[in-house]
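Dear colleague,

Please find below the structure that I am handing over to you. My findings follow directly after it.

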Amino acid sequence: MALDMLGELEAFATVARKRSFIVAARTLGRSPSAVTRAVQALEESAGVKLFNRSANAVSLTEAGERLLPHAYKMLDLQREADEDLAGISGLANGWIRFSAPESLAHGVIPRLIAQYCERYPQVNIDVVFTDETIDPARSKLDFSIRGAFPQSSDLIGFPLWSYARYLYASPAYLERCGMPDSIEALDRHSLILHTAPRILKEWNFRNDQQAIGFRVHPKFRFSSGAAVFQAALAGVGIARLADWLAEPEVEQGRLVRVFPAYRLTSSSGENPQMHAVYPAGNLPQRVKMLLELIRTFGDNVSRL
C-alpha cells in the first residue's frame, strides 16, 4: 500500500473508532468533507466499500473489519519511522503550537521554553495564553494545557502534575483587615474570584477531619488567573490559588496561606491536576519532548 495512503488510512481508522465522520474530523482537526473524501479515496483504491452509512449510524462492512487491523499496523509503523527519523535529525526544526492558562505565563512556560530552545534552537514555538477552554483540534494546535479537572472528551489526556489549592493573602492585606478566624468569617473579607472558564458559586474546604462548603460572595471577579494572583500579591484581598504558583511567594514573604490546614477541592474531595489534551493521532517527537519537559516542572516546584 503506497505511503500516500497513510492520511486516508488515518481517516478510515479514526472514523472506525469514533463511529462518526463528524467526530473523527474534530479529533483529527480536519473538516468533515476532507475526512469523507479521504475515506472515499481509500474505498476507490481498494475497490470495496468500507462503511455502511445511515442517517444515524456508521458501521464497518466486512471489508472494513478486515482492513482495520492492517490500518493500525501501518499507522504504528509510520509513527515508529517518524520517531526514529526525529531522533536522527535531533528534533531540530518545525513549529510547536499550544495553548496554556495565563498563570503559566508567570515565568513557568517562558522559562521552560528557554530550556527547550537551548537544546533545540531551530524549533519555533507559538503559545496562546488564555484561561478559556480551547479545543486544540479546532484551533489547529498540537495540544492545550488545562488546569482543574480533566473532562470527558474525544481528546487524549496527558497528565502533567497534581496540585492543591489554598487561600492566600498578602501580609499587607492581613495587617489591614486581619486574619479570618473561621471559614464563615470570610463573608467579612474581600474575596477575589476567578471566573474562567466558569464562575464557581461555592468553595469546598477539606482537611483530614471534615469537609465544609462555603458560598462565595466575592468583592472582585476576574476572568484572568494571572490577574487574581497579582491582585492577591497587591493586597486587594483573599484569593484561591494553586500551591505551585503561590508557595514560592510564601517562601519570599509576599503571600501568607489562610487556613493552612484546609485544601480547596472539588465537591467530591479531589485535588486538581494540570494536564494537556491533544487530538488522537501521532504527536511529533519534538512535541512529546516539550510535554515531558513541562511535566518535570511539577516534580521540582516548591510546596510547603
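In helix α8, the buried residues are D243, W244, L245, A246, E247, E249 and V250. The helix spans residues 243-251 and is mostly covered, since seven of its nine residues are buried. After α8 comes G253, which has a positive phi near 80°. Please note that this is a predicted model.

How do α2 and α3 cross? The axes of helix α2 (residues 21-28) and helix α3 (residues 32-46) come within 8 Å and cross at roughly 105°. Angles of 65 to 115 degrees count as roughly perpendicular, so α2 is roughly perpendicular to α3. On the α2 side, the contact involves F21, A25 and L28, which meet P32, V35, T36 and V39 of α3. Of the residues in this contact, six are nonpolar, one is polar and none is charged.

Finally, an unreviewed UniProt entry lists residues 9-61 as "domain: HTH lysR-type". This span is 62% helix and 11% strand, and its end C-alpha atoms lie 15 Å apart.

With kind regards

How values were computed
Residues are numbered from 1 along each chain as its sequence is written. This is a predicted model: local features need pLDDT of at least 70, side-chain atom pairs count only at pLDDT 80 or more; totals for chains, interfaces and linings use all residues. Side-chain values use heavy atoms; hydrogens and water are left out. UniProt positions are given in the numbering used here, feature names are shortened, and annotations may be inferred rather than shown by experiment. Helices (H or I, at least four residues) and strands (E, at least two) are DSSP runs, numbered from the N terminus. Axes are lines fitted to C-alpha atoms, for helices over the stretch in contact, and angles run from 0 to 180 degrees between N-to-C directions. Angles under 35 degrees count as roughly parallel, over 145 as roughly antiparallel, 65 to 115 as roughly perpendicular and the rest as oblique. Contact means heavy atoms within 4.5 Å. Ala, Val, Leu, Ile, Met, Phe, Trp, Tyr, Cys and Pro count as nonpolar, Asp, Glu, Lys and Arg as charged, and the others, Gly among them, as polar. Buried means under 20% relative accessible area, exposed over 50%, partly exposed in between (1.4 Å probe, protein chains only).
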